[in-house]
Amino acid sequence: MITATDLELRAGSRILLSDASLRVQAGDRIGLVGRNGAGKTTTLRVLAGEGEPYGGDLRRTGELGYLPQDPREGDLSVTAKDRVLSARGLDELLREMEKAQTAMAEHADDSVRDNAVRKYGRLEERFSALGGYAAESEAARICSNLGLADRVLAQPLRTLSGGQRRRVELARILFAASEAGAGGGSGTILLLDEPTNHLDADSITWLRGFLKGHSGGLVVISHDVELLGDVVNKVWFLDAMRGEVDIYNMGWKRYLDARAADEKRRRRERANAEKKAGVLMEQANKMRAKATKAVAAQNMIKRAEKLVSGLDDVRQSDKVAKIRFPEPAPCGKTPLLAEGLSKSYGSLEIFSGVDLAIDKGSRVVILGLNGAGKTTLLRLLGAMETPDSGEVIAGHGLRLGYYAQEHETLDHSASVWANIRHAAPDTGEQQLRSLLGTFLFTGEQLDQPAGTLSGGEKTRLALAGLVSSAANVLLLDEPTNNLDPASREQVLDALRRYSGAVVLVTHDPGAVEALEPERVILLPDGSEDHWSAEYLELVQLA
Ligand SMILES: Nc1ncnc2c1ncn2[C@@H]1O[C@H](COP(=O)(O)OP(=O)(O)OP(=O)(O)O)[C@@H](O)[C@H]1O
Ligand SMILES: [Mg+2]
């Protein structure tokens, strides 16, 4: 169980949350929602014990499984499989068993061999007592349901993409918490920050089922409304501007209705307060003329200001970033061309012989299953990586804009301001400020290191960098990940209006519909086809 009382959370000088009392217990399946930057990740981190609250009291009992929004750092030399098994301490045992096995095979000396045999026996006994064999296959089952292939499991974490690493972490946590666990791990409280971000449709469906059946307590942050609708029986709504969390003890559908009613009531209260303030101001202005009433008039003005001052905040919370893509610079007929691209990692061939011509203003979607090389192809086109063979040819006037799924284009240690400065060295300061303003970055936040931005804010900053670039070919890798619904709509709208060429990788069918692509490239074979509606189903599988 987790109990928090009088919890206060801050980010810099901003109060994210105050006086909150939160409780997570067995049977709870809580959806934690709110706008980008509201403080969801911060709240979950603190509940998980990985961050200190600014104030308040926090108590935790029992096991926890925490999936952070960003891939974890830490020891990256272990294999993915060991990382998953380590959740129940099985990785060590397996390694010891392997060592003993080698010793048994290698040593001719009887006494050494006998020792190894005895050691192996002891280890093996412990392994089965811990439910080792069943556990190993349980872990394998979870991994395959999350789209982690055997070959990926054998790789060290260092060689995996951020998305793959997050899936490994998720597998590890679910493995620790699964019913079949020897320790009865189902009592584990799961704290999951955007667990579906890097999952394909099949994995999401499976995860939904898993979470629905989990009895030990769950807090999940997700922008996936289908998952929320299916899984949660309580909702915490974090209201950034009021710095409060509203607790709804009901499922998703009823929550949406209740929230709508609450918002309506608040709007009514707002309108009433504004009306009252207006009357007060009018009265005060009349009285001001008379010297004897000047003090009373001043007081009235103060009261009126107080009535409205609480309201500005509320209005701001409705604010949405005005996301626009750039006015593309002029270019030739085919600004980007690729011939015979091949790429392998070690002995593993990702794809080979991919040809591609991106004409001015054309719209292309890249489809392929997990691991088919979609991100790799974009990175080659964006010259972030070099192909093993073939070449990428820049056409006349090419200006590339690259949006990276893991935000690698951002310098995490530099400030928001320094990042945008770097993305658009030729743009005037005033213009950059107003650009950042439309993406909702103002005031102190300009000095904030980009690494401390929330997931959605990072996405916004990276997109702002594109806008200032006058790019005429945009390479977009999952540009709607992490965005709250209102901001996602803005990105979709920007996609619709952009007149330059776009090469898009996404799991989000809405993004494809907004793009209205003409062509699709299918990986790994690199074949090309005219876009047709049937491909939309493939988008979710991809
Ligand atoms: N060191 C810091 N200094 C100033 N502000 C910070 C710092 N660290 C985090 N913040 C801010 O705290 C706020 C809350 O961040 P958090 O990651 O909890 O948001 P979130 O609700 O999870 O958002 P998202 O939906 O985008 O993931 C953000 O506005 C973030 O920029
Ligand atoms: Mg977050």
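## The shell around ligand 1

The residues of the shell around ligand 1 comprise four nonpolar, 14 polar and four charged members; Asp, Glu, Lys and Arg count as charged, Ala, Val, Leu, Ile, Met, Phe, Trp, Tyr, Cys and Pro as nonpolar, and the others, Gly among them, as polar. This is a predicted model, in which local features need pLDDT of at least 70 and side-chain atom pairs pLDDT 80 or more, while totals for chains, interfaces and linings use all residues. Residues are numbered from 1 along each chain as its sequence is written, chains are lettered from A and ligands numbered from 1 in the order in which they are written, and side-chain values use heavy atoms, without hydrogens and water.

Ligand 1 is surrounded by 22 residues, and the closest are Lys 40, Thr 42, Ser 454, Gly 456 and Glu 457. At least two residues of the shell come from each of strand S2 (14–24), helix H1 (40–47) and helix H15 (455–467).

Oxygen atoms of ligand 1 lie 2.7 Å from a side-chain N or O atom of Thr 41, 2.8 Å from one of Gln 448 and 2.6 Å from one of Glu 457. On its own, ligand 1 has 660 Å² of accessible area, of which the protein covers 84% (Shrake-Rupley method, 1.4 Å probe).

## Asp 239

Asp 239 belongs to strand S8 (residues 234–239); a strand is a DSSP run (E) of at least two residues, and a helix one (H or I) of at least four. Asp 239 counts as buried because its relative accessibility is 9%, buried meaning under 20% relative accessible area with a 1.4 Å probe and protein chains only.

The side chain of Asp 239 reaches the backbone nitrogen of Met 241 at 3.1 Å. Beyond its neighbours within four places in sequence, Asp 239 is in contact (heavy atoms within 4.5 Å) with Glu 244 and Arg 266.

Conventions: Buried means under 20% relative accessible area, exposed over 50%, partly exposed in between (1.4 Å probe, protein chains only). A polar contact is a pair of N or O atoms within 3.5 Å; within protein, one must be able to donate a hydrogen and the other to accept it, and residues adjacent in sequence count only if both atoms are side-chain atoms. A residue is near a molecule or strand if one of its heavy atoms lies within 4 Å of it.
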